[in-house]
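Here is a short briefing on one structure. Look over the sequence and the coordinates, then read on.

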Amino acid sequence: MTASDSSLHDLMVEAIASRDVKLPVFNPVALRLQQTLHNDDAKVADIEKMVIEDQALSSQILRVANAAFYRGLQPITTIRKAIVRLGIEQVANLAMIVSMQQLCRKTSGQFMAYQEKLWRHAFASATGSKWLAEHCGYRNEADTAFLAGLLHNIGQLALLKIMDDLRTAGAISADLPETLIVEILNSDMHTRQGYLLAQKWNLPEQYCIVVRDHHQEPVDPNHTLLLLVRLADQACEKLGIGLHGDPAIALAATQEAQALGLGEITLAEMEILLEDSVAMAQQI
C-alpha cells in the first residue's frame, strides 16, 4: 500500500530518524497559562492579557465556557468574566482543552476520522482521570489528573501528522488500510514520540512521564497520577471511546483499580460519566 518498497513502519522510522518531520505545535498561550498557575502572584488581569493575545483562542474559550458543560446562570461575554466565574485554573485548563481540540482537527481526508476519535478519547480520558481523583481520595490532584488524561496520547497525534506528511510527499498511498493505521498508532512509537513531543512543548515532567509510561509494564503502584490515567484509558477502551473497543475488559480486576482501592460500583459510575463525556466533547 505504499508508494515505495519500504513498509509503512520503516518509512515512519526513517522519517523520525531524519529529524525533518514537523511535529504538532501546541498553542504557546495555553502553555504559558499553565506555567502561570505556579505563580502565586498571578492576577486576573495577567491571565486576561495573555488570553486575549490570541483572538482565536479567546473566542474558543468563550464558546466552551458557554457550552452546556460549563454554563452558569448568565452568558459569559468576556474573558474577564470567564476568569472570575470559572477561576484562573479552570480557564487555563480550558485553554489546554481548546488547544488540544485544535490539534485533533488539523488534517482532512482519511486521517480526519482518526483525529476525531483521538479527540473524543483524550477528552473522555481527561474527564475520567479527574473523576477518579475526586472519588478515591486525591481531590487536590484532580486538575492535574485532567490534564494528564488529556495529553497522554499526544504521540498518536504526532504519528498521524507524520503519516499525513508522508502521504503529501507521495511516499505512501492515500488509501491505507484501517488495520495498518491503527497498528502504527498503537505501537510503542506513540509513547516514545509522545514523550519527545511533551518535552519539546516544555510540559511539566509529571505529564511527560505519563505520556511515556501509560502502557509500561509493570505499573508502579505508588505512581497515583499514572494509575488514574491508565485506569481511565482502559475504561475508554472498554467502552469503545477511541480507536477501538474491548468490552471484555474487567476494570475492577485491573491492577490500577486494585491499587486505587476502587470497586465495581464506583467503576460503573465512571463508565456512565465517560459515555456522557462523548456528548460533551462534541459540544466543545
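Is Asn202 buried or exposed? Asn202 is exposed, because its relative accessible area is 56%, over the 50% cut-off. The model is predicted. The mean pLDDT of the chain is 87, and 93% of its residues reach 70 or more.

**Confidence**

- Helix H13 has the highest confidence, at a mean of 97, and helix H1 (residues 8-18) the lowest, at 81.
- Residues 1-5 have a pLDDT below 50. This stretch still makes 17 contacts in the model beyond near neighbours in sequence.
- Where pLDDT is low, predicted coordinates should not be read in detail.

**Backbone and loops**

- Asn202 has a positive phi of about 60°, although it is not a glycine.
- Asn202 belongs to the loop between helix H11 (189-200) and H12.
- Glu217 and Pro218 are joined by a cis peptide bond, with omega about -5°.
- Pro218 sits in the loop between helix H12 (205-213) and helix H13 (224-239).

**Nonpolar core**

- The largest nonpolar core has 100 residues. Met12, Phe26, Met100, Leu150 and Met163 have the most contacts inside it.
- Helix H7 (residues 110-135) gives the most to this core, with 11 residues.
- In soluble globular proteins, nonpolar side chains tend to be buried together.
- Leaving out residues up to four places away in sequence, Met100 touches Phe26, Trp119, Ala122, Leu150, Leu151, Ile154 and Leu157.

**Ile181**

- Ile181 is in helix H10 (residues 178-186).
- Ile181 is buried, because its relative accessible area of 0% is under the 20% cut-off.
- Beyond residues up to four places away in sequence, Ile181 touches Gln110, Phe111, Tyr114, Met163 and Leu176.
- Ile181 and Tyr114 are 67 residues apart along the chain, yet their C-alpha atoms are separated by 9.0 Å.

**Aromatic rings**

- There are three aromatic pairs.
- Phe26 and Trp201 have ring centres 4.8 Å apart and planes at 55°, so the pair is tilted.
- Phe26 lies in the loop between H1 and helix H2 (28-36), and Trp201 in the loop between H11 and H12, so the pair ties together parts that are 175 residues apart in sequence.
- Phe26 is buried at a relative accessible area of 3%, and Trp201 is buried at 6%.
- Phe123 and Phe146 form an edge-to-face pair, with 6.4 Å centre to centre and 85° between the planes.
- That pair links distant parts of the chain, with Phe123 in helix H7 and Phe146 in helix H8 (residues 142-151), 23 residues apart.
- Phe123 is buried at 0% relative accessibility, and Phe146 is buried at 6%.
- Trp119, Phe123 and Phe146 form one aromatic cluster.
- The charged end of Arg212 sits over the ring of Tyr195, 5.1 Å from the ring centre.

**Cysteines**

- How many disulfides are there? The count comes to zero.
- Cys104 is in no disulfide, and the nearest cysteine sulfur, that of Cys236, is 13 Å away. Cys104 is buried, with a relative accessible area of 0%.
- Cys136 is buried, with a relative accessible area of 14%.

Note on methods. Residues are numbered from 1 along each chain as its sequence is written. This is a predicted model: local features need pLDDT of at least 70, side-chain atom pairs count only at pLDDT 80 or more; totals for chains, interfaces and linings use all residues. Side-chain values use heavy atoms; hydrogens and water are left out. A disulfide is a pair of cysteine sulfur atoms within 2.5 Å. Buried means under 20% relative accessible area, exposed over 50%, partly exposed in between (1.4 Å probe, protein chains only). Helices (H or I, at least four residues) and strands (E, at least two) are DSSP runs, numbered from the N terminus. A nonpolar core is a set of buried Ala, Val, Leu, Ile, Met, Phe, Trp, Tyr and Cys residues joined through side-chain atoms within 4.5 Å. Contact means heavy atoms within 4.5 Å. pLDDT is the predictor's confidence in each residue, from 0 to 100. Rings of Phe, Tyr and Trp (its six-membered ring) pair if their centres lie within 6.5 Å; planes under 30 degrees apart count as stacked, over 60 as edge-to-face and the rest as tilted. A charge sits over a ring if NZ of Lys or CZ of Arg is within 6 Å of the ring centre and within 35 degrees of the ring normal.
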